[in-house]
Amino acid sequence: MVPAVLLCLSFGYAAALKPTCLSAQFRRPGDYILGGLFPFGMDTVNLAARSEPTVVECERLFVDGLIWALGMKFAIDQINNSTSLLPGVKLGYDMHDTCFEPLITLYPSLLFLARNGTTGIGVLSNYTDYQPRVTAVIGPHQSDLCLVTAELFSFFMIPQVSYGATSEQLSNTKLYPSFYRTVPGDQKLVEAVALLLNNFGWNWVATLGSDDEYGRGAQGLFLSIAGNHSICIAFEGLIPTDREDPKAKNQLEETIKLINNTNVNIIVLFAFSQPVLTLLEHSIRMGLSKKVWIGTEAWMLSDAATSIPNIQSIGTVLGFVMKTSTVPGFQKYVADLFTSVEQDEFCQESDRLIISDTRDTVCKQCDHISLHNISSVLRRSQTQHVHVAVYSVAHALHRALGCTREACPKAPVRSWKLLHYMNTLPFQVNGQSFRFDQSHGTNTGYNLVFWSWKNGTVTYLPVGHYEESLYVNKSQIHFHTADQKEPMSECFRHCKPGQFRRIKGSHLCCYDCTDCPENTFWSSEDSSTCTPCLEHQWSPARSTHCYDRSERYLFWNEPLTIALLTLVAITTALTCLIAALFLKNLETPLVKASGGKLNLFALLTLTLLCLSCCLYVGKPSDNLCRIQQIVFALCLNGCFSTFFIKSLEITLVTEFPRCAPTFLAWVTQRRAWLLVASCLLTECLFCFCYLRVGPDYLLSDYKSLPTEVLLVCNTQSWLAFTLVHGYNGCLAFVCFLCTFMVQTSGKKYNIARGITFAILIYVIIWIFFIAVFATLKTVLRSAVEISAILTISLGILGTYYIPKCYIILLKPDLNTVDYFQYSIKEEPEEAE
C-alpha cells in the first residue's frame, strides 16, 4: 500500500498545480486510424454492485498504461515523419482506457467496429466491403481482455496486435485469425520455468496462479508439462483477484498455511502484480519461511512489489522477463511532450485536432501529473512491444497500398487485406528484424532476472536467458541460504548411496535426501548421519567409503620444477663463467679495484646459493627443512661480506680520507679475509641460535588440499627466522648506507653504484618474499623460495658483475689503472 499512497500523494500535489492537456493527446485524425486499448486506470468503482448499464470509472491512474499509450503515439509520430515508410500518408490514432476490465474494454472495441464516420455498427450478411472506423487495433495488454476483443475483431477480420497478452488460447489462429502479438506465448514461458527447475535440480515445488485467464492458463500449462520434466507438484492454488471479496483473505491465509505444511522451498508464481502484492503482504505478515520465488514479467519488474515493507524476508526472487531493448528517443520525446502540454498554444491546437465525435476524456488523471511523477516508471517501462506492434501494422499497410520509397496512393484499404502481409513478410524496427510465426506471435525470448538487494535497493540483475535453450550464470545468484547456494527442493522415493533420508513434511512418499559432505561417508542404509573420515583419509561428497590421502610436495618431474631447475642451471653456469673471466683477468685494474680474489669467493658462494635450490625439490624432511634456511643464510652472507668490505673501503676513501692510509690495509690486504671470516662466524652463531630457538620443521597439512596431504617446511619461530636472516639484512643496510651517496666524476668508474643497486634488488625481493612466504602453504611455497634465491643471484650478477664483464670483454681500453684507481674519490673543485 505504501507505493499507492505515495503515488496518490504525488498526484494530489500535482493536482494543485496548473492542469495540462495531456489527456487530449490520445486522439488524432489521419488518413488511416489505428485504435489503441491501454490500461490508463485501475481499480473500478462499485463494479460488483452495478445493476444498470451506467458508466464505469476507475479510481487510480496506472502509470505503465499511460507510458505504453505514449509509446504508441511516439511510434505513429515517427512513421508520419518518415520518408521511407508510408511516405505522404498520415496515420491517426484513437486510444481508450481498458481499466483492466473486460466490461470497460467492450465500449471502445464496439466503437472501433462502427462504420467509418458514424457511431453505429451495420448489420450485414457480408462484411467484405465494410469500412470500420479503425484500420487496425493495438492492444489490449491482458490475455482475458484479448479473449473478449479478439472474437469481435476476428469476426470483422480487423488486425489486432497485442503488446502483452500471452495466453496460449490466443495461439489458436482458427478461432482468432486476426489476432497477433509482439510477445511470446505462455508455452515458451512454462518451458523456460521447467528448464530452470531442472537446471537447479528442484523437483518438489508449489505453484500458484492468479484467478484470471493469465494465471489459470499459465498454471495449467505448467502442470501439464511438469511430469515430463520429473517435477513433483507439492501444492497448487489460485490467488483471488478481488481484494474486496470477504472470502479472499481467508483463502490466502489457508493457501499460505498449506505451503508451510508441504515444507516446499520453491514457489512458481503466475500472476499479475496486484494479486502478487496481496499474496506477498500476507506471506510476510504470517511469517512464511524464506523461499525461492520463480516469477514472470507480470510482476517481476513491479516497483510496488519491491516496495512492500520487509519484502527481503520472503527469500530469493528469480523470474523470466521478455527480452526487449530500449526505444531510441522515447524518453526525450515524453519529456518534450510534458513540456509542450503545459503551453496554452499547444493545448489549443491539440483541442482543435481531436476527433469531433469522441471528445470524452480518455484519461482524466493525466492532466494532473508531471514528468517527475512518472520518471521512475518511465526509466524501467518496456515500450518496445508497443513500438513493434504499431510498426507491424504500418509495414503491412505500406505493402497493401503498394507504396514506393517516394509516395503512397491514398486509396481506401480494407482491414482484412492487411492480414496477408502481416502473415508473410518480416519487417524492420530500429534495425532489428521481426516476423510473426505460425501462431501469430513473435518469439523474442526471455531474460532470467534476479532481485539483487544492496543497502535496501533492488537491482533487476540479468543472470541468464532462454531462447531455444536455457543459460544460467549461477555465480551471480546469491540465494537466501547461509552459504548463498541454491537450497534443496527434491522429492525422492529412494535416496542414492551416499545420502541419508528424512521424511519431508506430511508426504510419506517423499524424503529429504542430504548428501554426505566431503571427508565423511555413508555407512549403512539405516544411518541418519554421515561418519567422518580419519585424518589421513578423504572422501568426496556423497561417498560410501574413504580413501587414503596421497602425499603432495614439489616433485622433480613437475613442469614447474623443470622450469625452475633449468633456470638454476643457467644461473649457475653464468656465475661460473663470470668467475672464470675474473680469474683470467685477476691482475687487471678492474678486478683489483672490485675486490680482487674476494670476487672469486663471492661468486663461489653465489654458485653454492644457486645449487641450494635443489634442497627445496623432492620430499622434505625435518633435517632438510633445517638445512634450507641455514644454507640460504650462509651463502648469502659470504657474498654480502665481500660487499661489506668493499663498502668500508669506499667509506674510508670518500668520508675519512685522512684516516684512509691507516685503515685501508684492513680492508684491502690479506686482513680483509679476517673480516670475511668474522662475518661468516657471526652468521654461524646466529644459525646455531636458530637451531636452538625454533628451526623449520616438516608439517603434514591435511586441510589445505582436499584429497592430498601437503608436506611443507613450516616456520616454527619467526624470531629464529629473523635471527638467521636478519644479520644479512644488517650487512646489506650498512653496504647501502656506505655507497648510495657516493659520487664520481665522469672519468672514473663508480664501483659503489653496483653495490647500491644489488642491495636495492635484495631488499625489494625480500619485501615480496616475506609477504608471500608468511601466508602461502602450498607446494608453491618451495617454488617461491627458489624464485627468491634465483632473483637475488641474478640481481647481484646483473648489477655488480655483468657490467664489469662488459668492460673486460668489450671495452678493454677502459681497464686501466687511471680509470679504476681511487675511482670513488671526488675530484677537487677548480679554483676560481
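Buried means under 20% relative accessible area, exposed means over 50%, and partly exposed lies in between, with a 1.4 Å probe and protein chains only. The model is predicted: local features need pLDDT of at least 70, side-chain atom pairs count only at pLDDT 80 or more, and totals for chains, interfaces and linings use all residues. Residues are numbered from 1 along each chain as its sequence is written, and side-chain values use heavy atoms, with hydrogens and water left out.

**View 1. A cysteine without a disulfide, C689.** C689 is partly exposed, at 27% relative accessibility. The nearest cysteine sulfur belongs to C687 and is 9.2 Å away. A disulfide is counted here when a pair of cysteine sulfur atoms lies within 2.5 Å.

**View 2. C610 and its closest cysteine sulfur, in C613.** The two sulfur atoms are 6.1 Å apart, which is too far for a bond. C610 is buried, with a relative accessible area of 0%.

**View 3. The disulfide between C363 and C366.** In general terms, a disulfide is a covalent bond between the sulfur atoms of two cysteines. A search of the whole structure finds seven disulfides, and one of them joins C363 to C366, with an S to S distance of 1.9 Å. The torsion about the S-S bond of C363 and C366 is about 80 degrees, so this disulfide is right-handed. C363 is buried at a relative accessible area of 1%, and C366 is buried at 0%.

**View 4. The disulfide between C403 and C408.** The sulfur atoms of C403 and C408 are 1.9 Å apart. The link is right-handed, with 125 degrees about the S-S bond. C403 has a relative accessible area of 14% and counts as buried. C408 is buried as well, at 11% relative accessibility.

**View 5. The disulfide between C625 and C713.** The sulfur atoms of C625 and C713 are 2.0 Å apart. The torsion about their S-S bond is about -80 degrees, so the disulfide is left-handed. This pair links distant parts of the chain, 88 residues apart: C625 is in helix 19 (residues 622-655), and C713 is in strand 27 (residues 708-714). Helices (H or I, at least four residues) and strands (E, at least two) are DSSP runs, numbered from the N terminus. C625 is buried, at 0% relative accessibility, and C713 is buried at 9%.
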